Amino acid sequence: MPKDHGIGASPKRREDVRFLTGAGNYTDDINVYGQTYVHFLRSDVAHGTINSVDTGAAAGMPGVVRIFTGADFEGVGGLPCGWQVTDKHGEAMKEPGHPVLAQGKVRHVGDPIAAVVAESLEEARNAAEAIEVDITELPAVVDMKSALEAGSTKVHDDLSDNLCYDWQFGSDQAAVDEAFANAAHVTTLDLRNNRLVANPMEPRVALGDYNRANDESTLYTTSQNPHVIRLLMGAFVLGLPEHKLRVVAPDVGGGFGTKIFHYAEEAFVTFASRQINRPVKWTSTRSEAFMSDAHGRDHVTTIELALDADNNFTGLRTDTHANMGAYLSTFASSVPTWLHGTLMAGNYKTPAVQVNVKAVFTNTVAVDAYRGAGRPEATFQLERLVDKAARELGVDPIALRRQNFITEFPYATPVAVEYDTGNYHATMDTLESMIDREGFAARRAESASRGKLRGLGVNCYIEACGIAPSNLVGQLGARAGLYDAATVRVNATGSISVMVGAHSHGQGHETVFPQVVAEMLGIDEGMVDIVHGDSSKIPFGMGTYGSRSLAVCGSAMVRATEKIINKAKKIAAHLLEASEADIELKDGQFSVAGTDKSVAWGDVTLAAYVPHNYPLEDIEPGLEETAFYDPANFTYPSGAYACEVEVDPETGKVTVLDFAAADDFGNVVNPMIVEGQVHGGLAQGIGQALLENCAYDENGQLLSASYMDYAMPRADDVPYYKVDHSNVTPCTHNPLGVKGCGEAGAIGSPPALVNAVLDALNAAGHDIGHIDMPLSPSRVWSAING
Amino acid sequence: MYAFDVVRPSSLDEAVAALGEEDAQALSGGQTLIPTLKQRLAMPSKLVSLTGIADLQGVSADGGTITIGGATPHATVAAEAGSFPALAQLAGNIGDPAVRNRGTIGGSLANNDPSACYPAAALGAGATITTNSRAIAADDYFQGLFTTALDEGEVVTSVSFPVPEKAAYVKFEQPASRFALVGVFVTKSGGDVRVAVTGASNDGVFRWSEAEAALSGNFAPEAIDGLSVSGDDMISDLHGSGAYRAHLVGVMTKRAVAAANG
Ligand SMILES: Cc1cc2nc3c(=O)[nH]c(=O)nc-3n(C[C@H](O)[C@H](O)[C@H](O)COP(=O)(O)OP(=O)(O)OC[C@H]3O[C@@H](n4cnc5c(N)ncnc54)[C@H](O)[C@@H]3O)c2cc1C
C-alpha cells in the first residue's frame, strides 16, 4: 500500500490551487503606489562604438520622468561574475566589465543603451523612439573559432583577445597519451551542443521601490534565489548594505536556471528608484526575453574515446569551445568547467580522462546555466560517442556500456569527484524491462511497411547535484558558499512555519517540504507551511538550482526539526516529570517509555510559549530553531534512458514514439512530484534534441528571435513517457538520502533521441556518424541526402 | 502600440467610408495586425473592425459553389464548409483554437503571407475573391509576398470556391510557427487539375503548371515522378534551404494527390 501522507506519499500539490485558479501572486501582479515604468532602448546591432546618445528631445516628451544612459552609471559597480576560473597556466580568467547600461560600446543585439522612466509604459516607449543614438557599427564576432584567430575583432577592447580562459583538467597528460597510443580502437566525434533560450512561461520582471522614510530599497524580482541577488547587487553593484535592501521573489513562473543570475534590469530599477524617489517597474516582453535572458549550452566539441582490444574504455579526451556571449553572466564561467568537466567520466570506469575547455567571448547574449548546466553537455558528447563506438565496433550499445560500468562505490573518478553510491546495472535492467527490445525488430518491420525508418536509442547519465560543498567549490573558484538554511518556527498552538532558503518556482516545495517535517513530528501536513522568496523573512539561503533544494535546504530543514524535537522532548520531560532520555515522540505524542503517560504535541508547544510550568532555568521559552547545512559531497543521481523514433525519409521528419526513463534519485519524498519533474525535464530534452535552436547570423543578428522561429516543444511533440524511479541507492551523506531529480530529464534525454535517429538511419543503410541538434526535418533530410 | 481610434461599423458601406479616411486600416481577426501593432511596426490612425458586419459572416453552399464571408473565422469554416472537405480541413488546421476563433479568411487573403494556408486553397480551387467594388479571380489576385490586387481601402467581402470533384491540402509544418514550410493544395474537376503551392517560393503562392499538366493526364502520384521545381526561387531560411523546400514541393504534391484520391 502506498503511503497516504508523509515521506513517500503523493499528496496533490497544494500550490496548484492558487496557480490553477488565477490567484498566484507573480512579480508583475505587484504594483506600488506612485509606480513608474521603464523601457530599455536596446542595441539593434551586435557590435558598435557608441559615439553619442542624445536624450534631449526625448526628455521633453509627455510623461517622461527621467532618462538614464551609461553615463549615469559611472562610478556604479558592474554586474559581477560569481565564479573565478583559473586557466591551465594558473592565471585567473579574464573578467571584462559589465556595466548596467552600455558604456562606450554595444556588444550584442539587446544590449541596453538607455532607459526611459515615465508615467506609463507607452510614454516611455514613445520617448525611447526620440532618443538619437549614433553608433559606428563594428564587425561582429559570432563564430567561436574565428573569434580566437589572431587579428579577430575584439569584443572587449581592454582584453588581449576574445579568450576568457583556456582550462584543462583531469588525468595527467602522459596517462591520456598512453591510453590513446596503445588503443586498439579510437572513436572520434565532432559535435555542437545547440544554444537554447530557456523560455520560462513568465518573462522576467523587476520592480524597485525605494522608501525615503527609512532609506530602504525593496526589489521585487523573478528570481530563483533572492539572497544571492541581494548579496551580488548590494555588495558589488550598488553598494547597499544588506539591512537596507530587501529582495522579494514571490510566485515565479518557471526559471530553468535563467532566473538564477543577477541582471542589469534588477540593478537598474533599484538604482533608479533611489534616484527619482519613486518605484520603477520593468516587465520584459517575450521579444526582450529572447535578447536579454541568459541563453544556455552552446558548446562546440571534439571528443575521442580510446578502447582496448576487449572494448574496455581506456582513455577519453574532449576539447570544447564554450560560448560566454558578450559578458560573463553570474555563473557562466563555472558551467563549462566545474559543472561539465567533472562529469566527463560518466557512468564508466575509464581510467584516464582529460577535459579541455576554451571559453570565448562573442557578440551574442550571455550564456549561463540552463536546466542541467554543463552536465547535459557532458552527457551528450559522452553518450553520443559511446554509441558511435558501438556502431563502429559492431557491438551492442547496451552491452558496451554495461561492460564499462562503474560497479564499486564509493568511486573516485579521474575528474575530481567521488561518486558515493549508485547501481548502474540495476537502472539499465529496469530500462530494458520497460522497452521491449525483443519486439523491436517487428516494430521496425511494421514501420518499414509504411515507408518509415524506426530506431531505438539508449544512453546512461550521471549528474552531480545537491550543489554543493562550500569548501570544495571555494577551492574551485566559487565566490559564494553553497550551503542552505531553514528556520522551523513552531507556533504556540503547534502549527509550523518553515522559512527556507530554497525558492520554489514550479518544483512543488510547498507540498514536499511539509511532508518531511510532518513525518518527523508525526503531525498532520496541513499544520506545516513553508515561507520562501523574501529576504526579510527567510534565513540566508542560496536558492534553487542544481537539483539542490531537498538535498541541501531540505537537509537544513531536517537538522532544524531535529533541534526542535530535542527541545520539545526537554519540555515534555518536564511536563511529564520524567527523564528526557525516556521521552519518545510518536504520532505527535510525547510519551514516557514503558508507561502510558503522554503529552500531546500541542500541549508541549503551548507550554513553550506560555511557560507557566516550564524549566526556565534550563531552557529558553519559545520553539524556533535554525540550521544551516553544508553538504559533504555532491549527490549523484543516475539513470538509463531509451527513446524510440520513426523517421520519414522523404521529409526528414522525426516522430518520437516512446520514451522510457529509469532513474535512481535516492529516496523519494513525493513520487508524483518526482514524476512531474522528470516529465518536464524530458520535454525540455526532447525540445533541445528535436526543435530548439537559438541561431545568430554572421552579423550577430538573432534569427530565432520569437516563437515564429524558435520551436518550443508542444504536447504533440512528446510521447506518453514511461518513468521509473524504483531503483534507490540512498545518498550516503545527507540525512534524507535524497539525490535530486530536477535536471535529470533534461540531462539524460537528448543523446537517447539522437542515438535513436542515427540507429534508424544507419540500419536503413545510410552511413551517418552524427547530426547536430536540433534534428529538424531539414537537417535529417540533408544528412540522408548527403 | 501607438494610439489609434477604433470603429466597429455594422454595414459594409460604413466600413468602406471609414476606410477612406487617411491612415485608416481594416481590422478583422487581428491575429496578424494586432501583433504588428504591438511591435509598433504599423501606425494606423483608425482601425475599422469588420467582424460586426453581418454580411461578411458565414458559409453558404449553392449549386456547386461555396461562398465564405470575408470576416468568417477559420473555426466556422472548419465546422460549416462540409461540402468542400479539403477546405474545411485546411481551416481546422490553422494555428491553434484561439487563432481559429478570431482569424478570418479575408484577413488571411488580404495579408497574403507567403506561408499562409488559405492562399493555396484560393489559388488551387480557382476561387473568386469578391470585394466591395469588384470580383477578382484568384489567378489575378496574388501578386507576390504580402502583395495582392487589392487597392487601398478595398475590402474582401466574400470568397467563392467552385467545389472540385477531388481535392486535398497537405501541409508540412515549419516546426516553430507551424505555418506551412510547404503546403500544397490540389484540385481535380473533370480534366482540369490545379496545383497551388504555399510556403515555398520567394514570390509567394504559385501554381505548379508542369505538375498540373502531368496530373491532368493521369491524376496519380506517379504522374509527377521526375518532375521538380527549381530550388533557386525558393525561400531559404533557418528551417530549410531552397533545395529542401523544392524537394518538399514534390513530396507534398504526391501526398496531396494520394489524399485527394482517398
Ligand atoms: C499563432 C498563430 C498561428 C497561425 N498559424 C497559421 C497557419 O498555420 N496558417 C495560416 O494560414 N495562418 C496562420 N496564422 C494567421 C491567421 O490565419 C490569421 O487569421 C491571418 O493571418 C490574418 O487574419 P485576421 O483575420 O486575423 O486578419 P487581421 O490581422 O485583422 O488583418 C490582417 C491584414 O489584413 C487586412 N484585412 C483584414 N481583413 C480584411 C478584409 N476583409 N479586406 C481587406 N483587408 C483586410 C488588415 O488590414 C491587415 O492588414 C496564424 C496566426 C497566429 C497568431
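This is a predicted model: local features need pLDDT of at least 70, side-chain atom pairs count only at pLDDT 80 or more; totals for chains, interfaces and linings use all residues.
**Domains of chain A**

Chain A is divided into domain 1, which covers 418–464 + 634–786, and domain 2, which covers 483–629. The centres of domain 1 of chain A and domain 2 of chain A, taken over C-alpha atoms, are separated by 41 Å, and the contact between them draws 16 residues from domain 1 of chain A and 16 residues from domain 2 of chain A. In domain 1 of chain A, the residues that lose the most area to domain 2 of chain A are A:Val669, A:Pro735 and A:Leu736, which together account for 41% of what that side buries. By class, the side of domain 1 of chain A that touches domain 2 of chain A is made up of six nonpolar, seven polar and three charged residues.

**Chain A against chain B**

The contact between the chains takes 24 residues from chain A and 22 residues from chain B. On the side of chain A, A:Met708, A:Arg714 and A:Trp781 supply 25% of the area buried against chain B, more than any other three residues. One of the salt bridges joins the side chains of A:Glu129 and B:Arg40, with an N to O distance of 3.2 Å. The elements that give two or more residues to the side of chain A that touches chain B are α3 (121–129) and α19 (777–784) of chain A, and α3(A) gives the most, with four residues. By class, this side of chain A has nine nonpolar, five polar and 10 charged residues.

**Strand pairing around β2(A)**

Strand β2 (residues 48–54) of chain A runs antiparallel to strand β4 (residues 105–106) of chain A, and two bridges join them; within this pairing, A:Thr49 stands opposite A:Lys105 in β4(A). Strand β2(A) also pairs in the antiparallel sense with strand β6 (residues 132–137) of chain A, over six bridges, and here A:Ser52 stands opposite A:Asp134 in β6(A). In a regular strand, side chains alternate between the two faces of the sheet.

How values were computed
Residues are numbered from 1 along each chain as its sequence is written. Chains are lettered from A and ligands numbered from 1 in the order in which they are written. Side-chain values use heavy atoms; hydrogens and water are left out. Domain bounds come from an automatic or database domain assignment. Contact means heavy atoms within 4.5 Å. Buried area is the accessible area (1.4 Å probe) that two parts lose on being put together, summed over both. Ala, Val, Leu, Ile, Met, Phe, Trp, Tyr, Cys and Pro count as nonpolar, Asp, Glu, Lys and Arg as charged, and the others, Gly among them, as polar. Two strands pair if DSSP finds at least two bridges between them. A salt bridge is a side-chain nitrogen of Lys or Arg within 4 Å of a carboxyl oxygen of Asp or Glu.
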